[in-house]
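Hello,

Here is the structure I promised to pass on to you. Please open it first, and then read my notes below with the model on your screen.

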Amino acid sequence: MIWTRKTWTMLAALSGFLAVGFGAFGAHDVTDPAARDWLKTGSTYEFIHALATLACSALVVAGAPRARHAPALFLGGSLLFSGSLYAMALGAPHILGAVTPVGGLMFLAGWLALAWSARDIR
């Protein structure tokens with residue numbers, strides 16, 4: 001797969017779709033309070049980072065080519081952070097929660113990469 005703005009945009013849109021789906025599922029079909037919280041947290045973070053990925057595409061066009069480094073971190077962070085929370089909410093072993101902070105670190109690294117890219121904007 002070639003990592004282009006088109007690819008990032010498609011993946012960001014799919015990530016946003018998943019965030020809305022899991023958020024709605026948690027709000028309407030889950031009775032366990034812990035599972036509901038995991039779904040809410042996962043969907044919130046995934047949605048924010050889907051939007052951030054879309055913003056990266058715009059920043060690359062606006063003259064910040066280094067912004068192309070952040071989407072992999074944002075989407076990878078969503079996979080690990082939100083994905084582990086979704087999995088636990090759906091019944092996966094809680095040991096999977098050990099992966100969640102790795103996704104959080106990827107989010108942080110993505111924001112640093114985005115800050116670094118702002119140096120290029122004129």
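Let's begin with Val20, which you will find in helix α1. Please keep in mind throughout that this is a predicted model. Is Val20 buried or exposed? It is exposed, because its relative accessible area is 51% and the cut-off for that word is over 50%.

Val20 also belongs to a group. Together with Phe47, Leu51 and Leu54, Val20 forms a nonpolar patch on the surface. The accessible area of these four residues together is about 340 Å². Which helix gives the most to the patch? That is helix α2, which spans residues 33–61 and supplies 3 residues.

While you are looking at helix α2, find Ala34, which sits there too. Ala34 counts as partly exposed, because its relative accessibility of 33% falls between the limits of 20% and 50%. Now look for Ala89. In sequence, Ala34 and Ala89 are 55 residues apart, yet their C-alpha atoms are 7.5 Å apart in space.

Next, the largest pocket. Its volume is about 200 Å³. The residues that line this pocket are Leu11, Leu14, Ser15, Leu18, Glu46, Leu75, Ser78, Leu79, Ser82, Gly83 and Tyr86. Two elements give two or more residues each to the lining, namely α1 (5–28) and α3 (70–89). Which of them has the largest share? It is α3, with 6 residues. Sorted by class, the lining has 6 nonpolar, 4 polar and 1 charged residues.

Ser78 is found in helix α3. With a relative accessible area of 4%, Ser78 is buried, because that word applies to values under 20%. Ser78 and Ala19 are 59 residues apart along the sequence, while 9.5 Å separates their C-alpha atoms in space.

Two further residues of helix α3 are worth a look with the same cut-off in hand.

- Phe81 has its place in helix α3. It is buried, with a relative accessible area of 12%. From Phe81 to Leu105 there are 24 residues in sequence and 9.1 Å in space, C-alpha to C-alpha.
- Leu85 lies in helix α3 as well. At 7% relative accessibility, Leu85 is counted as buried. Leu85 and Thr100 are 15 residues apart in sequence, and the distance between their C-alpha atoms is 7.2 Å.

Start at the surface with the nonpolar patch of Val20, Phe47, Leu51 and Leu54. Then go to the largest pocket and pick out the 6 lining residues that come from α3.

Happy exploring, and do write back with any questions!

Best wishes

Definitions and conventions: Residues are numbered from 1 along each chain as its sequence is written. This is a predicted model: local features need pLDDT of at least 70, side-chain atom pairs count only at pLDDT 80 or more; totals for chains, interfaces and linings use all residues. Side-chain values use heavy atoms; hydrogens and water are left out. On a 1 Å grid over the protein atoms alone, a cavity is a set of points where a 1.4 Å probe fits but cannot get out, and a pocket is an open set with protein on both sides within 12 Å along at least five of seven lines; lining residues have an atom within 4 Å of a point. Grid points are joined across faces, edges and corners, and a volume is the space filled by probe spheres set on the points. Helices (H or I, at least four residues) and strands (E, at least two) are DSSP runs, numbered from the N terminus. Ala, Val, Leu, Ile, Met, Phe, Trp, Tyr, Cys and Pro count as nonpolar, Asp, Glu, Lys and Arg as charged, and the others, Gly among them, as polar. Patches are made of residues with over 30% relative accessible area and no salt bridge: like charges are joined within 9 Å, nonpolar side chains (Val, Leu, Ile, Met, Phe, Trp, Tyr) within 5 Å. Accessible areas come from the Shrake-Rupley method with a 1.4 Å probe; for residues, only the protein chains shown count as cover. A salt bridge is a side-chain nitrogen of Lys or Arg within 4 Å of a carboxyl oxygen of Asp or Glu. Buried means under 20% relative accessible area, exposed over 50%, partly exposed in between (1.4 Å probe, protein chains only).
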